[in-house]
Amino acid sequence: MFASSEPAAQQPTVYGVYEVYNWQLYAGYTFVRFYEVPNVTPNLNGLDLGLVFYPNGKWIGADGELVAAFGSQAGTSAKFLLAMGGPRFRWSAPRGLELWAHGLVGGTHFLPQTAFGSQSAFAYEVGGGIDISAHRRRVAYRVGADMVGTRYFGTYQYSPRLFVGIVFKY
């Protein structure tokens, strides 16, 4: 009935239920089936490291990745190294799932040395995966698949890569 000289209380506002993290650090296991030349396809196992930055928590980010995979070829040890970067796109799905896709470019190095050409080559990678949030939102499990394209020894290689690991968000 009487006008109060106090300002009206402001209603609380909710902007989001979960905190969005701008950085993701990934470490995990990788498997590469390297199609070196016809009839020479070593299976390689190794380590995969990645770092992603999403400016302002948006859906597009900058992705960097290092892969070191090891195996054997005709009784000799084989090593396959990748270093790449490029864009990553993500979509936050319900129930703590995050679907993502990326396209990366960079370089690769393959050992053993052969008489057919250089040990280094341009590489690109296209693929995607899913991050499944653990009981805490800062940790997720990652599962993904990529196709790695290279050009060694005068021929093109299209090698599938599978990976699993843990993501730390901060």
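Let's start with Tyr124: in this predicted model, Tyr124 is partly exposed, with a relative accessible area of 32%. Compare that with Phe122, which counts as exposed because its relative accessibility is 53% and the cut-off for exposed is over 50%.

Now, what do Phe122 and Tyr124 form together? They make an aromatic pair, and it is a tilted one. If you are new to this, a pair of aromatic rings is described by how far apart the centres are and by the angle of the planes.

Across the whole structure, the search turns up 11 aromatic pairs. Ring pairs also build a cluster, and its members are Phe34, Phe80, Phe110 and Tyr152.

Have a look at Trp100: the charged end of Arg88 sits over its ring, 3.8 Å from the centre. Then find Tyr156, where Arg151 lies over the face of the ring, 4.5 Å from the ring centre.

Let's move on to the strands. Which shape do the eight strands make? A closed barrel, in the order S1-S2-S3-S4-S5-S6-S7-S8, and the pairing is antiparallel. From one strand to the next, the twist averages 25°.

As a reminder, strands of a sheet pair through backbone hydrogen bonds, in a parallel or an antiparallel way. Take S4, residues 76-92, and S5, residues 97-111: they run antiparallel and are joined by 12 bridges. To spot this on your screen, find Lys79, which stands opposite Leu111 in S5.

Methods. Residues are numbered from 1 along each chain as its sequence is written. This is a predicted model: local features need pLDDT of at least 70, side-chain atom pairs count only at pLDDT 80 or more; totals for chains, interfaces and linings use all residues. Side-chain values use heavy atoms; hydrogens and water are left out. Rings of Phe, Tyr and Trp (its six-membered ring) pair if their centres lie within 6.5 Å; planes under 30 degrees apart count as stacked, over 60 as edge-to-face and the rest as tilted. Buried means under 20% relative accessible area, exposed over 50%, partly exposed in between (1.4 Å probe, protein chains only). A charge sits over a ring if NZ of Lys or CZ of Arg is within 6 Å of the ring centre and within 35 degrees of the ring normal. Two strands pair if DSSP finds at least two bridges between them. Helices (H or I, at least four residues) and strands (E, at least two) are DSSP runs, numbered from the N terminus. Axes are lines fitted to C-alpha atoms, for helices over the stretch in contact, and angles run from 0 to 180 degrees between N-to-C directions.
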